[in-house]
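Have the viewer open and follow along.

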Amino acid sequence: MNPKTKRLSIQIGLFILTVITTTMAGAEWQFSRFLFFDERPLTWEYFIRGFAFSVPFLGILTVHEFGHYFVARKHKVDVTLPYYLPMWFGFLLAPSIGTFGAFIKIKDFVNSRKKYFDIGVAGPLAGFVVALGVLYYGFSTLPPAEYIFEIHPEYKEYGLDYADYVYEDQPANFEVGTTLLFEFFKRYVADPERLPNSHEIIHYPWIFAGFLSLFFTALNLIPIGQLDGGHVLYGLIGNRLHRKTSAILFVTFILYAGLGMVSPYEPVDDLLFTIPFYLGFLYLVFSRLTASIQTNFLVALSVLSVQFVVATFDPNIMGYQGWLVFGLLIGRFLGIYHPPVLINYPLDGKRKVIGWIALLVFILCFSPAPFVLD
């Protein structure tokens, strides 16, 4: 088997596995049961119904990746077809979305600002257009409010006022956050009589797939480093200004994410453990911000100090600690800064408009707290 055929076989195999794992995950989210190891395991019938999640979700992901692929090919950049990453934790009786995503591998050196911009912006915008259709369909075809009783028959005794009673006694409540675009569909497309509680969106596969797609679109469009949004902003403002902007945005991102991590109202014994541990974590996050160890440590200490002061004045102001994990991924692996290019001509007017639209899409899709576990 030649290398090209072998690579294609791997890509097809990974895609098939990802279809299976996302369908299993979709069924598990939809019915709050696991396929094999639950006391009430899901049957093949439920597995088939899981396609209502995997088809729209993988459809958006696929359009996103092929947006990158086709534009790269248009620029004669050597690039692979998408590699899908299956992931399923049902065997641990733990929830998952069935995939770690997908990626294409660029095998050439991208030598111009325009190419980086075109390849970077194409994926998120293509996926976003499909996500709009998925969300419109999901919100415009909501089942009757009583549908939730099929998933949670124990809610029946409370009627449609179940939200006033059922979440108080649960040891953990999982809630999907919101975005500006999500709020638009909730207010102007959905029938308010059928609109699900935010704790129950996971049982509505088209809406849940749409929300996850907005989340991943925003994730990719964060205008830092070598993320798609980083390519976009780099194309718009160039290397010198982007380095400064990317560093400021990254520090601000981590500052927000860690709000509430330290507070003067915690017991002293807890603070003696939390502060050194958290400061060490922040140093890791900022360890590649500059070439100076001292500067990076001072930035970490400054961020911790600001978060501590904010908590002093208002301990109810909270960031989103999940973003700290992503911040570590950017700071240590993906990179805070964009690589320079050989051909650094400014973008034309049309591309600048598309770039600012892409950053607007990021704002519309971004959720300060996308997933909340109480």
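## Charge on the surface

For what follows, Asp and Glu count as negative, while Lys and Arg count as positive. A patch takes in residues with over 30% relative accessible area and no salt bridge, with like charges joined within 9 Å. Keep in mind that this is a predicted model.

With that in hand, look for the patch of negative charge that Asp-161, Asp-164, Glu-168 and Asp-169 form on the surface. Asp-169 sits in the loop that runs between helix 5 (148-151) and strand 3 (174-176). Its relative accessible area is 70%, so Asp-169 counts as exposed.

## A greasy patch

Now for something nonpolar. Leu-8, Ile-12, Phe-15, Ile-16, Leu-17 and Ile-20 together make a nonpolar surface patch of about 500 Å². Phe-15 belongs to helix 1 (residues 3-31), and with 34% relative accessibility it is classed as partly exposed.

## Salt bridges in a network

How many salt bridges does a search of the whole structure find? It turns up 5. One of them pairs Asp-118 with Arg-351, whose closest N and O atoms are 2.8 Å apart. That pair ties together distant parts of the chain: Asp-118 is in helix 4 (residues 113-140) and Arg-351 is in helix 13 (residues 349-365), 233 residues apart.

Arg-351 also meets Asp-348 in a salt bridge, at 2.5 Å from N to O, so Asp-118, Asp-348 and Arg-351 are linked in a network. Asp-348 is partly exposed, with 33%.

Helix 6 (residues 180-188) has Leu-181, Phe-182 and Phe-185 as its buried residues. Looking down the helix axis, these fall within an arc of 105°, which means they line one face of helix 6. The face turned away from that buried side carries the exposed residues Leu-180, Arg-187 and Tyr-188.

Glu-183 is partly exposed at 22% relative accessibility, and Lys-186 is partly exposed at 22%.

Finally, check Lys-76: its phi is positive, about 60°, although it is not a glycine. Lys-76 is in the loop between helix 3 (51-74) and strand 1 (83-86), and it is exposed, with a relative accessible area of 73%.

Key. Residues are numbered from 1 along each chain as its sequence is written. This is a predicted model: local features need pLDDT of at least 70, side-chain atom pairs count only at pLDDT 80 or more; totals for chains, interfaces and linings use all residues. Side-chain values use heavy atoms; hydrogens and water are left out. Patches are made of residues with over 30% relative accessible area and no salt bridge: like charges are joined within 9 Å, nonpolar side chains (Val, Leu, Ile, Met, Phe, Trp, Tyr) within 5 Å. Accessible areas come from the Shrake-Rupley method with a 1.4 Å probe; for residues, only the protein chains shown count as cover. A salt bridge is a side-chain nitrogen of Lys or Arg within 4 Å of a carboxyl oxygen of Asp or Glu. Helices (H or I, at least four residues) and strands (E, at least two) are DSSP runs, numbered from the N terminus. Buried means under 20% relative accessible area, exposed over 50%, partly exposed in between (1.4 Å probe, protein chains only). The place of a charge is taken as NZ of Lys, CZ of Arg, CG of Asp or CD of Glu. The arc is that of the directions from the helix axis to the C-beta atoms.
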